[in-house]
Each structure stands twice: as structure tokens, then as C-alpha cells.
Amino acid sequence: MKKYIKICLLFWFSLFFIACAFTQAKDYEYTNLDIQADIKIDGTIDVTETYTANFLEKKHGIIRSIPLNYTVEDTDFHIDLDYIRVDWNKFSNYTENGEMNIKIWDPYVEVIWEKVYPIFYSVYWLVRNFAWMWYHELYWNLVWYDFDTNINKVRAEIRLPKKYNWFTESDFLITTDWKTKTVKEFEWAVDWSFGDKIVITYNKKLNAWEGITFAMKFPIDYFEFDHNRQASLLWHVGWWGSYSSSSSSSFLSNLFSDSDSLSSILTFIIIIVWMLLPSRWRSSSYSSGWSYSSDSWFSSGSSFSSGWFSHWWGWGWWGSKSW
């Protein structure tokens with residue numbers, strides 16, 4: 001039975017990868033992505049993402065989508081995102097299906113060739129307090145895994161609220177493929193020698209549906225958190241245990257809000273199959289991921305993906321597409 005279920009899941013995942021491969025955008029690409037992030041002492045981050053797009057066909061613009069809701073092991077939580085602006089461009093922003101969509105376009109103007117889009121926003125709860133684990137943690141998908149076209153070069157500069165000169169390579173995890181996770185395995189550079197900033201460079205092309213996930217830890221007394229605000233962003237606990245009927249209804253509503261989405265349908269099928277498995281199977285199958293352990297200080301995928309389940313749950317238009 002266990003082997004049969006694994007074969008079925010592998011079949012569905014293979015279909016999804018094939019669909020992704022055939023839907024990669026051919027009409028535009030990003031030649032460069034520059035990320036500038038200023039972390040405040042309370043954990044708020046002011047972010048500027050500057051996308052240099054090359055349109056090979058006439059387009060009106062792009063849509064940048066950012067997820068607002070995540071699941072970490074048995075906990076749902078919400079990201080606060082505010083103060084959105086796109087300088088020198090006409091844009092609108094709206095929330096839909098648990099995402100903040102930043103639509104940068106002019107219905108009366110078409111663009112072709114190179115166009116620069118500097119997107120600014122302020123985000124809270126990418127940095128969280130894990131006091132019981134003796135550290136604070138930043139966990140961030142610098143590039144999410146649902147961009148429908150390639151990005152040829154990425155650079156991120158993460159400026160810290162105060163200097164800290166005691167980082168070591170074990171304080172960082174970074175991955176582009178969920179197989180390699182350390183800075184030694186990273187194909188380009190993570191530079192923490194400045195003390196007051198972290199610089200990440202990736203001069204290799206990221207193909208569509210590839211991303212960069214970055215995590216780092218800080219000492220327990222580094223940030224000055226608003227503990228009430230952090231607690232208010234937790235929604236409920238217990239994917240498989242007891243949780244309120246309102247939470248259950250909200251989960252199903254969010255899942256089916258885009259019922260035509262292939263990823264939503266596949267996710268629902270996976271959830272049902274997983275819930276029907278005996279508990280001993282659930283605890284032994286698909287247990288890989290970044291988790292609490294004596295030799296791994298990071299939380300289980302933290303904000304954006306925890307092992308097998310949350311990684312698959314995270315799919316959707318949480319990247320960019322042209323318009």
C-alpha cells in the first residue's frame with residue numbers, strides 16, 4: 001500500500017513538472033535582479049527589488065506576486081506587507097488567494113526590450129524570535145520558485161540594524177535546489193565579512209521555477225521584538241490535530257479559491273492521501289527538510305517551507321509573470 005501511494009504521488013508530481021516545463025515564458029526574461037534590504041531593530045525589513053526585464057514581444061508590464069500566508073509544521077502564520085510603491089511606473093496592488101499582487105502596467109502603453117521595475121515594500125515577520133532555541137532567525141525566499149521565466153543574474157544586499165562580527169558559515173543556509181544547503185555548496189558567494197551587511201551574488205542563470213532560499217541566525221539578544229505583534233500573526237496550531245472550525249473553513253476556502261489551478265487540485269489530493277495514511281507512515285515518509293535537531297539549528301523550513309509537505313503547499317503564482 002505504501003509503495004503504491006508513493007508511485008501515485010510520483011506520477012502526479014511528474015505531470016506537474018512536465019506542465020511547468022511547457023509553460024515557461026518565452027516572450028520575456030529578467031536580465032538582472034537586484035535586492036536591497038534594510039532590516040530594522042524590531043525585525044521589519046524595507047525591501048527594494050529592482051527587476052530589469054527584457055521583453056521579446058510587446059507587453060503591457062508584469063505582475064509580481066508575494067505570498068502572505070504560510071504553514072510551518074503545525075502552525076499557520078501571516079506576513080504583514082505594507083508601503084508598496086513602484087517608482088516611475090503605473091501600478092496597482094490587490095490581495096487575492098492569500099497573495100499580494102503588484103500589477104505594474106499601463107493598459108494604453110506597450111513596452112518592448114529593456115524595462116526597469118523598482119518595487120519597494122515593507123515586510124514584517126521574515127525575522128522571528130526562537131527564544132527557546134537560543135536564537136533569532138531570518139528566513140526568506142530571495143527568489144521564489146514560481147517565476148515563469150529565467151533570471152540571468154541575482155545580487156542581494158541585506159543591511160543589518162547593528163554590526164555583528166561573529167558570524168560563521170554555520171550561521172547560514174542557502175539553497176537553489178533543496179539538495180545543497182550550506183554556503184560551501186552554494187555555487188557563488190555569501191559574504192558576511194562586512195559585519196553590518198550580508199551580500200549574496202548569483203551570477204548563474206536561474207531558470208523558470210527555480211529560486212534562492214536563504215536563512216541566517218542571530219544571537220538571542222540581537223533584535224528588540226514586539227512580542228505581542230509576533231504572537232498576533234500566529235493563526236492556529238494542528239494540521240492533523242484539533243483546530244477550530246473557523247480555521248478549517250478558512251483553509252478549505254483558501255484552497256479552492258482558485259479551483260482551476262492545477263497546483264491547488266494536486267495539493268488537495270496530496271493532503272487527503274496524507275491524512276488517510278497511518279500515523280506511523282506519516283512520521284517516517286518524506287521526513288527530509290531543515291528541522292530542529294542537535295546538529296541543525298534552523299526551524300523546520302521556518303517561514304516558507306518545512307520539509308516535504310510545506311514545500312509542496314507553497315506552490316502558486318508566487319513569483320512573477322508578464323502581462
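Colleague: Which residue forms a salt bridge with Arg 229?
Modeller: This is a predicted model, and here the closest N and O atoms of the pair are 3.4 Å apart. A salt bridge needs a side-chain nitrogen within 4 Å of a carboxyl oxygen. The partner of Arg 229 is Asp 80.

Colleague: How many residues apart in sequence are the parts that Arg 229 and Asp 80 tie together?
Modeller: Arg 229 lies in helix 2, residues 227-232. Asp 80 lies in strand 6, residues 80-86. So the pair ties together parts whose separation in sequence is 149 residues.

Colleague: Is Asp 80 buried, partly exposed or exposed?
Modeller: Buried means under 20% relative accessible area, and exposed means over 50%. Asp 80 has 26% relative accessibility. Asp 80 therefore counts as partly exposed.

Colleague: Where does Glu 49 lie, the salt-bridge partner of Arg 64?
Modeller: The side chains of Arg 64 and Glu 49 meet at 2.9 Å, N to O. Both residues are buried. Arg 64 lies in strand 3, residues 61-67. Glu 49 lies in strand 2, residues 45-59.

Colleague: What is the relative accessibility of Glu 137?
Modeller: Glu 137 forms a salt bridge with Arg 128, with the closest N and O atoms 3.4 Å apart. Arg 128 is buried, at a relative accessible area of 4%. Glu 137 also counts as buried. Its relative accessibility is 0%.

Colleague: How many salt bridges does a search of the whole structure find?
Modeller: Some salt bridges share partners: one network joins Asp 38, Arg 155, Glu 157, Arg 159 and Lys 197. The pair of Arg 64 and Glu 49 is a salt bridge too. The search of the whole structure finds 14.

Colleague: Which residue in strand 17 is the bridge partner of Val 143?
Modeller: Strand 11 covers residues 135-143, and strand 17 covers residues 212-219. The two run antiparallel, joined by eight bridges. The partner of Val 143 is Ile 212.

Notes:
Residues numbered from 1 in each chain as written. Predicted model: local features only at pLDDT ≥ 70, side-chain atom pairs only at ≥ 80, totals over all residues. Heavy atoms only, no water. Pairing = 2+ DSSP bridges. Helix = DSSP H or I, 4+ residues; strand = E, 2+ residues; numbered from the N terminus. Buried < 20%, exposed > 50% of the residue type's maximum accessible area, 1.4 Å probe, protein only.
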